[in-house]
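Student: I have just opened this entry, and I would like to understand how its features come by their names. Could we go through some of them slowly?

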Amino acid sequence: MADLEAVLADVSYLMAMEKSKSTPAARASKKIVLPDPSVRSVMHKHLQKVNEVTFDKIFNQRLGFLLFKDFCENIYEEPVPQLKFYEEIRRFQKLETDEERIKEGRQIYDTFIMKELLSQSHSYPKTAVEYVQEALTQAQKTRKLDADIFEPYINEICNSLRGHIFDKFIESDKYTRFCQWKNLELNINLTMNDFSVHRIIGRGGFGEVYGCRKADTGKMYAMKCLDKKRIKMKGGETLALNERIMLSLVSTGEGSPFIVCMTYAFQTPEKLCFILDLMNGGDLHYHLSQHGVFTEKEVRFYAAEVILGLEHMHSRYVVYRDLKPANILLDENGHVRISDLGLACDFSKKKPHASVGTHGYMAPEVLQKGTAYDSSADWFSFGCMLYKLLKGHSPFRQHKTKDKHEIDRMTMTMNVDLPDTMSIEMKSVLEGLLRRDVEDRIGCRGRGAQEVKEHPFFKGIDWVQVYLQKYSPPLIPPKGEVNAADAFDIGSFDEEDTKGIKLTEADQDLYKNFPLVVSERWQHEVAETVFDAINADTDKLEQKRKQKPKGDEVDLAGPTDCIVEGEVLKLGGPFNQSWSKKHLKLYPNRLEFYQKSRDGTVPKGKAVELYSMLDIKEVLPEFQKYQKMENCIVLNLKTDKIIITSPDKVLINQWKDEIIQGFNLSTQIVATMNKKASKLYGSDIPGSPSTESLRNPLEHRNRHSKCRKLLHCFCPCFPK
């Protein structure tokens, strides 16, 4: 029975893998629904506040670029050929060989430069033209052409796009769509329900790793789940949080194809979950046991890819500290990535000195208690790993000894004896990496990974080709297999171990900042799966709404002095117990609430709720909790209160800022007018408590009328 369950788990997992490669409609079991276009107003304010409404910020985001490109190709009134030029340059830069670059470089020159020169419409600097001409001429002689010859044009193209064209983009519906996608991204709040979890593929000290499929895009990932009770039992809170920090350091920005990176982190009441790149080809330790030791040529392939992974980590001031074959995972094509950053450490501000890692791979400076170290530790471990791939065991774990103290003693004192069967270059690189003195070790003499890459053992390696994963892997994992131990062999933790462990509020508070979405990786996931399909569906929906007869709808265009508008929930009904959708428009002098129907329209015939700023006594500076909603904005009136909220955490924060600013501005204007009113008429603006109660009704009314007219003169947005 257990065997049957294991087979079924494997079949389910492999079917999910196949489904993830199909069309977007088949991939996703849960549909993404973009927020209403009305989010544009508040999102624009939010993006301005965080300085994101700039050409460079939007153009360099994957979804921003795609929407800007769509605008240029389908909406902008004039052709934008420079965008195509830009795309061709980026494509050229990814070409693999000099021959391809020479051929395509000439094609780009003829299409985008020579053609314009002949028509005298080429608007780029003469220096850029001459630079490209010289490079192409030399390439005909040398048969070599650098990938960056068109780089001078990139800045010029971007400068031509960031002016009038970008301004028009911001005014367009494509920017509204960008705001919709960005709002969706900023409100991602993942739970287990967002994933289909399949078979277990690994286990660690605090939890298990599963293959999983994201429901709304169909993309396959690895889900690493850490048990909070087990973490507490072992005192591993710092390690768990450190892993989240290290993964974010190496995954944000331009990631590395040689590190298992993180796209999401989220938590449940019982688990901490990392959503990582899925590597379904097994690890090098597993393949070493199946394949036997590797040849020097095979080791050179794995070493080159691991070097680039370490180089990426070290460039971000991260020392890995646990390099070994078991932590090097293969993808389905046989390329490798470094995995499991649980012991990694940031050395940018303070060098670590803890003795952590796997015995037989730890550097002498790591074993020597109290000694600070940095990336040097990884190069020693790298040497130990290469030795194991060649010989089947660590250089300091001979005769299969399991005595950790003996292994450490040998690491600190023993000179590694390298057999004559190894090539001179292989011996040299191992001797250089396994030096006990850090100053003498390759990779630790001031130039880091570059020193290792220049060693004769790697002579002839084209590191650009390595980065592009163009070298053929020596071992390609079998297709249609899980390439991991059976689910029952991996096993699971005994829940009895943590039965007596209770998670307190203080325990949960440790993880309050644990959730994370890596923006670049989420945008790439969406772009390569469901972006086009969701946009097409949303376009149809919005087009359908626009075609509806306008007779029953309120036109919300209104006056141009509206500060911000959008959808909120307003507390109302008997005894203020129910939330209803409203379209709120904030003006300098008032708030207007419009009733919203289910389809997002604002029907006619419903009374507009209008509140003057003069009627508001205060806006509470902190969110309050009402009717099970946490983030409620409370505006205290003279006899009542307005309570609004939104499940959208980005928008409600921006609404609070805008309402408080609007109220403060109104208060300042009224205070200024009070001074002028008192000077001219001997009275304050209505609502000022100073002398109102002392005047007879007729005098009170006349003076208020004069004051309102005066206030309107100085600030036309206030009614007369």
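Tutor: Gladly. This is a predicted model, in which local features need pLDDT of at least 70 and side-chain atom pairs count only at pLDDT 80 or more, while totals for chains, interfaces and linings use all residues. Residues are numbered from 1 along each chain as its sequence is written, and side-chain values use heavy atoms, with hydrogens and water left out.

Student: What makes cysteine 273 count as buried or exposed?

Tutor: Buried means under 20% relative accessible area, exposed means over 50%, and partly exposed lies in between, using a 1.4 Å probe and protein chains only. Cysteine 273 has a relative accessible area of 0%, so it is buried, and cysteine 345, with 16%, is buried by that rule too.

Student: Why is the pair of phenylalanine 258 and tyrosine 467 called edge-to-face?

Tutor: Rings of Phe, Tyr and Trp (its six-membered ring) pair if their centres lie within 6.5 Å, and planes under 30 degrees apart count as stacked, over 60 as edge-to-face and the rest as tilted. By this rule there are 33 aromatic pairs. The ring centres of phenylalanine 258 and tyrosine 467 are 6.4 Å apart with their planes at 70 degrees, so this pair is edge-to-face. The pair links distant parts of the chain, 209 residues apart, with phenylalanine 258 in the loop between helix 13 (237-251) and strand 4 (262-267) and tyrosine 467 in helix 21 (residues 463-467); helices (H or I, at least four residues) and strands (E, at least two) are DSSP runs, numbered from the N terminus.

Student: How do you know whether these two residues are buried or partly exposed?

Tutor: Phenylalanine 258 has a relative accessible area of 1% and is therefore buried, whereas tyrosine 467, at 36% relative accessibility, counts as partly exposed.

Student: What makes the charged end of arginine 590 count as sitting over the ring of tyrosine 587?

Tutor: The rule asks that NZ of Lys or CZ of Arg be within 6 Å of the ring centre and within 35 degrees of the ring normal. The charged end of arginine 590 sits over the tyrosine 587 ring, 3.8 Å from its centre. Likewise, the charged end of lysine 656 sits over the ring of phenylalanine 623, 4.5 Å from its centre.
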